[in-house]
Amino acid sequence: MKQYYFDYNATCPQLPEVNLAMQEVVTSAYGNPSSLHWAGRHARRKLDDARDAMAKFLDVASSQIVLTSGGTESNNMVIQGIMSQTQTGHVVLSAIEHPAILQAAEQWAKRYAGWTYTIVKPDSDGRIDSETFISACTEDTKLACLMWANNETGVVQPVFEVSQACRERKIPLLVDAVQAIGKLDVNLKSLDADFVSFSAHKIGGPRGVGILVERRGLHLEPLLIGGGQERGRRSGTENVAGAVGFAAALGKLDYTKVTGLRNAFEEQLKAVIPDVRFFGQTHERTANTSMFCVPGLEGETLLMQMDLAGFAVASGSACSSGKRDPSHVLMAMGVPEYQSRSSLRISFGVEHTEEMNTVLIEALLKIKKRLQQMGGR
Ligand code: PLP
């Protein structure tokens with residue numbers, strides 16, 4: 001059976017050039033980058049080169065980059081790092097953030113009784129209004145969090161407007177850019193944010209590797225304490241091969257190439273299933289993402305049937321797809337629960353073609369028909 005992968009927002013295949021670069025480092029640069037001998041110095045050079053390549057790509061200084069184990073850690077580093085600094089404070093976050101932000105803030109607010117948070121809802125098509133977001137900030141706000149692009153709907157958020165307003169009010173801003181890299185221009189010179197998190201595995205890099213870009217001069221209480229690596233910001237022997245793999249992946253995948261195909265897919269699907277509802281269509285979205293609901297069909301059932309037919313797709317975000325909860329993003333948008341539970345996310349890769357649109361739609365139609373014959377849900 002032929003298999004099709006349409007879940008690039010969850011993760012994507014590691015690129016051959018990434019494999020090669022990592023393989024080389026694993027075999028040749030096995031020293032501990034903190035060791036002073038030749039082997040350590042060799043590994044340190046590889047690490048420094050990888051960090052410099054990331055810095056160049058993002059247009060920041062190498063010293064601003066902290067290596068982490070991925071987007072989850074980068075986000076947690078900021079939330080915990082700020083919330084553990086003072087006894088009291090207030091955080092503003094959007095309701096559509098990844099759980100690595102939403103749940104982290106919730107947990108830490110439980111631990112520190114003096115901390116509160118405000119969650120700002122998006123409009124009915126998944127975009128946060130910048131003025132509403134900013135007006136949720138108070139004198140006491142010590143952190144604001146707004147993602148660059150949403151992982152489920154692909155909707156691009158007003159991070160530029162919000163970053164300017166936060167700067168004027170001296171409120172530190174965390175931008176989760178995990179779904180923006182490879183899909184939008186992430187040159188950080190034009191974004192006035194204090195912290196920006198990235199993950200390697202959404203662009204063909206290795207899983208378990210990420211970075212946090214910090215504005216110069218800011219201090220976060222470190223999450224991991226020990227050997228003082230990463231200038232004391234994140235202890236633990238550095239993942240040299242991971243960093244090299246991340247650097248090798250930069251700029252290789254250009255998801256913007258698939259905008260036309262994604263739009264064509266939506267038009268074709270609408271033509272054959274007129275009551276399909278697409279989410280986020282009225283806003284700018286990342287080029288490869290289409291989230292929709294097929295009324296009357298249970299998303300998880302649809303997903304499983306698609307899987308049996310060889311298609312890897314998602315319902316809700318990948319991180320919560322093991323659970324039966326409806327998508328928190330769609331719920332925040334005010335989508336009725338039955339529609340939320342009927343939703344499916346297709347996220348295309350750069351190898352996407354017109355033929356793939358045809359097979360995907362044919363499969364969806366066939367499964368829809370079969371499920372309806374069996375009694376719908
Ligand atoms: N933030 C967003 C928007 C994501 O989509 C994801 C992963 O799906 C993460 C954070 C977590 O990143 P990682 O898997 O690298 O921990």
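Colleagues, please keep in mind that the model is predicted.

I begin with the ligand. The shell around the ligand consists of 14 residues, and the closest are Thr 72, Asp 176, Gln 179, Ser 199 and Lys 202. Sorted by class, this shell holds 9 polar residues, 3 nonpolar residues and 2 charged residues. Which element gives the most to the shell? That is helix α3, spanning residues 71-83, with 3 residues.

Let me turn to individual contacts. Thr 72 places a polar side-chain atom 2.6 Å from an oxygen atom of the ligand. For Ser 199, an N or O atom of the side chain is 2.6 Å from a ligand oxygen atom. Lys 202 likewise has a polar side-chain atom lying 2.6 Å from an oxygen atom of the ligand. As for the ligand itself, it exposes 390 Å² when taken alone, and the protein buries 90% of that area.

The largest nonpolar core has 72 residues. Those touching the most other members are Phe 133, Trp 148, Leu 188, Phe 198, Ile 211, Val 213 and Phe 246. Helix α7, residues 240-249, supplies the largest share of this core, namely 8 residues. As general background, nonpolar side chains in soluble globular proteins tend to be buried together.

Thank you for your attention.

Definitions and conventions:
Residues are numbered from 1 along each chain as its sequence is written. This is a predicted model: local features need pLDDT of at least 70, side-chain atom pairs count only at pLDDT 80 or more; totals for chains, interfaces and linings use all residues. Side-chain values use heavy atoms; hydrogens and water are left out. A residue is near a molecule or strand if one of its heavy atoms lies within 4 Å of it. A polar contact is a pair of N or O atoms within 3.5 Å; within protein, one must be able to donate a hydrogen and the other to accept it, and residues adjacent in sequence count only if both atoms are side-chain atoms. Accessible areas come from the Shrake-Rupley method with a 1.4 Å probe; for residues, only the protein chains shown count as cover. Helices (H or I, at least four residues) and strands (E, at least two) are DSSP runs, numbered from the N terminus. Ala, Val, Leu, Ile, Met, Phe, Trp, Tyr, Cys and Pro count as nonpolar, Asp, Glu, Lys and Arg as charged, and the others, Gly among them, as polar. A nonpolar core is a set of buried Ala, Val, Leu, Ile, Met, Phe, Trp, Tyr and Cys residues joined through side-chain atoms within 4.5 Å. Buried means under 20% relative accessible area, exposed over 50%, partly exposed in between (1.4 Å probe, protein chains only).
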